[in-house]
Every structure is written in structure tokens, then in C-alpha cells.
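Subject: Structure handover

Hi there,

I am passing a structure on to you, and a few notes on its charged side chains follow. Please have a look at it before you read on.

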Amino acid sequence: MATSPCSSSGVSSSSSSGLGADAGLEIRTRSVEQTLVPLVSQITTLINHKDKPKRSDKTLQAIQRVGQAVNLAVGRFVTVGEAIANENRELKEEMSIACIEARRAGETIAQLTDVASLDHPESDSHITIFTDKTGVVKAARLLLSSVTKVLVLADRIVIKQIITSRNKVLATMEQLEKVSSFQEFVQIFSQFGNEMVEFAHLTGDRQNDLKDEKKKARMAASRAVLEKCTMMLLTASKTCLRHPDCESARINKDGVFHRMRLALEQVIEIVTDSRPNGENEMAPISIYSGIKEFKNKVEGLRENLYFLSKENLSTMLEVILEHTEDFTDSAYTSHEHREHILELSKQAKMELEQLVSVWMQAQNQKTKDLMEDLEVAILKTCQCMNELKREVHNAATSLAADLLKYHTDHMVLKALKITGVEGNLEAVAEYTCKLSEQKEQLVEMCRLLRHVSGTEPLEITCIHAEDTFQVTGPQIISAAETLALHPSSKIAKENLEVFCEAWESQLSDMSMLLREINDVFEGRRGEKRVYLSLPRPGKHNANLKALKPVKLDTEEQAKIAKLGLELHLLTSDVDSETEKWEDQENGIVQHGQGMSSMAYSMYLFTRGEGLLKTTQDLFHQAEIFATEGTKLASALHAFSDQVHVDDKPLLLLEAEKLISMCKQLQITAKASVQGKSATFTKVDTCILKTRNMMTLLCQLLPLCCKLLRKNKAGNGCLKPAPPWREDRIRIGTNAPERRAEAFGIKSLENHVTSMTFLESK
């Protein structure tokens, strides 16, 4: 059975043919997985070719070309791996062994498929693919295992780069903490800024490459902290230097450094997949996920009455109802919601008791009447849990909507700024108490929203928001106290402004998060990937204000609203098309989903919402969007080798169109402009080109799905290999020169993608 692009998910997809790679090698990134997919697919096709008593010369020649193509591609692949090994001594021994194994396996496959010149290739006197199928399977397994090992080892280099970059940032932070003069601070902070940009881009690439959506969300949260804290570190440090004897200024600065260190540590935990002291991460269970699991178990009774115990089911319900106490015990839950939750909790216990009673009877006597009673009990239990889920959802989201609306005027922050400048310590103390109350309200809101967020990435976003309010509140208070003690200090005033902006920004993000939670609950939108990124590299110095990117004003937002709406509609169309694919892990689907997610962020930007706050954020997002489009085009090229020869030209034509559009968007996004009018024109052009690419994507997804179904329906014997493309060989030859740019993975990826073998026809 040939592995189709809509059913592969890395090495494990080959297990049905006995082609499992090294079980100890866990693949955590999409780039490694998607590099292996074509290799798994093509070798599986070779092994599972249909044995026929009589083979034509054409078939024998095709089989031989497969073996030669495998051997040549593996040879070039290994050359790159060996070059990487020579530059990384700590990996040299492991990488060299894996390369030797891969080369040996490639040569074995070439020998076993050298059948075109033989008169009787199935004769026992010649060891070939026809006489030694086991030998081919062993060689294929060794090849997959060794290639996977090379890729995973190369991936370690990426991790090493991130760790090295983190260490640079930490070392420079230690210097910044100890400086005692402005001149020294300016010099070191300039270096720190450049190191942070390098770290941001390395971690941004890693974030987008992670397979695990939960880790991706944690990475996004950590990088968002680092982004905001960079400006805080600047103003807090300058305030401390200006007022060295001020205790509140020191507390303020120490808080920023501590939070940055925690965020840096979390990034390393994610990329190395480790926890300090070997402890396991224990994520709190939400009501939403608890109810989902409980319902799955209850509905499973239809198929199997004996797969779990009644105690197991009762314990699951108890845990869910314990979590509802977060709502019933909260001072911010309305009386009406509290009463409904308590009532539904009581009803859930009664429904489960009835279900267990019928279930136990059905185990002893499986009559038609009892099975009908069991079905009714299952339906009533699930309906009750759905009502409970909706009630806690309404309680959390209505509280969030009320709080966000109430605090939208930022009156407490404005009052702190005014009383701080006046030097009114008594008034500042009064408003800091009010801010502390507001912080407690918002923290409670985040905790309740986490229970109903609906997806793990949104749960993590809620936890991140809770941490942000917990930390930023006290930092605003210490910054306000510093200003009240030094009312004429410009830097103390600027410092308070920066922390207040962070608070306001988090409130704005909560509004978007609330909409996403409601959308997931109502089924209007699927889970969207979030792409957060720091600004592109630029001149960094102590005066970062000069680099502050611009936002669209109300008039500009109105002008671009129609284009944004078109983009929004297209993202919905793309989401609908991707949902039609059976395998959501397919590369074409995932790149399409990634593009849709980024286009949705750009649509939110046109409304003045979302994570893209400035035009510079938008331009950077457009660059990443174009890069994702290029990856999709590569996936389309790989897929074209698996479709019928008559369908291939159309698919390649569409892929070339996409590549051309990606290049144009990259050029536009990178072009430098000056002035408000020119910037707006660039924004308009970027969104227009993004819309055009999304329109093409809406056409490509159904076409690929159709071709895939056609390909599955028409699987048969081997078809002739397409001519080996010289331009691909040249790209492969030059790959070692580019491996520094590609962190060692991309050049290897090019070679495996270049393995254009035979496919079933």
C-alpha cells in the first residue's frame, strides 16, 4: 500500500510495511517530519509493487531507475550530513555513523533493483528485489532509520543555536544589572538589543516548526513576555540609574529582570523538551476538557459495556464538579449563574446514578428493553453535561465581557499618572489599592475563562494572561510610587507609561481571546495557530522610542476595511476546505491552515485588533506568510510526483503561480518606505497580495483533494520515473554552502524532497 500525502504523519506511517524507523528517535518538528514523508512514501511504493508472473522491459527499467534514484539522492544527502558533522565536533561521531549506514542502505537498494539487464531477474542465481524481498525491507528500514537519525542530529544544531543565543542574552543581562553609569548602559543595551533580535528570530522559526500545538502556544506566550519586557527593562533600568537610592525603582527593575529570566528558561524547556530537576509538567484540568473526556467514556458504553468501571466514571464526574466550585465560590459569579450551576451539578449526579443502574443491569442481562433504557440514560447524561458546560461558559464569558467593558476607560491608570506627577503619595496609595482590586478581578476572570477555553492553546493563553496581570499590577504600583517620590523625573514618568501600556495591551488581547473562546464554543472557527514575532533586525540603541513603528489611524482602517473583510471571508473558505481532508497532518493542509491563520491575524489588524499592533508587525507577518506559501508550493511539487501524468502539468502550473505571488509579496514586505502615505500604500498592497494568494489557495485545496482521491482510487503498478531534474541536482550540490543560513536542516530537506521516485499508477 503506497503511503499517500493525506495519510502520512512521519516515520510511523510506514509501520504497515515493516518500515518503522528507530523508535528512540522522537520527531518533534514539522520540517523533519515532512522531509521524511516523501522518502517513506516512495520506498513503501517500491516495496509494495505488484508482483506479476510476467514483467515487461518497461517495468524492469522503471524499477532499476527507482533504485538508482534512491542511491544518488541518498549520496547527496549524506554529503551534506558529513559536511555538517565536520562543523560540529560533538555530533561528528553519531552523524558519521548514521551517514555511513544511509550510504550503505542506498547502495544495497540500488544493487537489489539492478534488474533491467537480467534475462531472468526472478532466478535464484541473482539476488534481486524479486528473490530477496526481505533484504529490500531491511535495507529500506535501515535507510529510514539512518536518515531520520541524521535529520534529528541536525535538528540538535538548531537547539544548540537557540541555547547559545539564550546564554548570550543572559550574560548581557547580568552586565546590564550591574552597570552604574548611563554611558556604559547605552553601550551594553545596544548589544543586548541585537542579541534579543537574534534570539527572537531563532525562537520564532522554532515556534512555527513545532508539531505540538500546546508547546507552540507556550513558546508564543514566552516570546510575547520577552517582547514586552525588553522596553520595560530599558525604562526600569534608566529609572534606577537616575534614582539609585530609590527602593521602589529597584523593586521595579528587579521584577523585569526576574520575569525575563523565567521566560528565557521556559523557551529552553520547550526546545529541549525538559523540565528543571526532571519534574513533569502537571497542567490543571479544565471543566471543558473534563466534560469532553467524561462524555466520550459515557458514549463508549454503546460499543462496550465492560471497558471501564462505575467507580472510574463516578470519579471523573466528581473531579468535574469540584472544578465547578471555582465558579460557585467566586465572588464575581452572579447569583443566577451560581444557582444554575449548583442545580445542574445535582442533576448530573442523579443522571449518572440512573445510568450506572441501567448499565449494571445490561451487563447481566443484555435485553432489547435494557439496551434502549441504556441509550436513553446515555443521552440524558450527555445532555445534562452539555447544559452544565454551557452554563459555566456563559458565567465566565459574561463576567469577562462586563469586566473588560468596565475597565476599558483605564481610569485608575490615568489617575495614577496624574497623582504621580503631582507627587501626591496619599492619592497614589489610594489608587494602587484600586488597581490591586482590579488585578484580582482580572486574574479571577482568566482562571474562569481557562475552564471554558475549549482548546489547549487557548488554555495556555489564559494562563499567560493571568500571569501577566499578576506580575504587571505590582510593577505599575512600584513605578507609580517612584514617580510620586520623584514627580519631576521624566524617565520615571516614561517608565510608568510603559508599564501602563503593557496593562492596556493585555486588556486589549483579552477582548480578542474572549471572541476566540466564544467562536470555538459555538463552532464558528476551528483552532487557529498564533504567530507571534518580535520586530525584524534593525538599529538598536538606548533610545528605542525612535524605532517605534506606526499604527493605522481610524480613517486608514476605514479605507482598508473592505479588503480586510474579503480576507476574512477567504480564511473561512480555506478553513472549510481544509476540514474536508481526512488527514489533518498532511503537509498541504497544514501549510494551508498556517496561511489561513496568518491571513486572519492580518484581517484583525485592519480592524485595529489582534496581536499585530503596528505596521511593522504586519510587514513581518506578510514575510512569514509568503514563506509559508513557498513551503506549500514545495509540498505541491512533491505531491505532483504522485498524481497521474495527465494531472501533473495543471498542478505544477498552480504551484508556479503561487511561487511567483510569494516572491512579489516578499519584495513588497521588505521594501523600505518613508512617510505616512507611503506606509499606508505598502500596507494596502501587502493585504491585497495576501488576499490574492488566499484566493489561489481556495482553488488549490479542492483541486489537490480531488487529485488525491483520484490517485487513491487508481493505485496499481509502477509508472515510469520523471526525468531527473538537473536544477535539483545543482541545488543539492550547493546546499553545504547555505547550511549556516538554514541551521543544518533545510539543506538536508532539499535532498530528500529531491528524491523523485516512482509512484503507483
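Predicted model: local features only at pLDDT ≥ 70, side-chain atom pairs only at ≥ 80, totals over all residues.

I looked at the salt bridges, and the structure holds 24 of them.

Arg-103 pairs with Glu-82, with 3.3 Å between the closest N and O atoms. This pair links distant parts of the chain: Arg-103 is in helix α3 (residues 89-112) and Glu-82 in helix α2 (residues 57-87), 21 residues apart. Arg-103 has a relative accessibility of 29%, so it counts as partly exposed. Glu-82 is partly exposed too, at 31%.

Helix α3 also holds Glu-94. Glu-94 forms a salt bridge with Arg-156, and their closest N and O atoms are 3.3 Å apart. Because Arg-156 belongs to helix α4 (residues 133-178), the pair ties together parts that are 62 residues apart in sequence. Both ends are partly exposed, Glu-94 at 37% and Arg-156 at 38%.

Glu-247 is partly exposed at 45%, and Arg-250 is partly exposed at 36%. Through salt bridges with shared partners, Glu-247, Arg-250 and Asp-254 form one network.

Enjoy exploring it!

Best wishes

How values were computed
Residues numbered from 1 in each chain as written. Heavy atoms only, no water. Salt bridge = Lys/Arg side-chain N within 4 Å of Asp/Glu carboxyl O. Helix = DSSP H or I, 4+ residues; strand = E, 2+ residues; numbered from the N terminus. Buried < 20%, exposed > 50% of the residue type's maximum accessible area, 1.4 Å probe, protein only.
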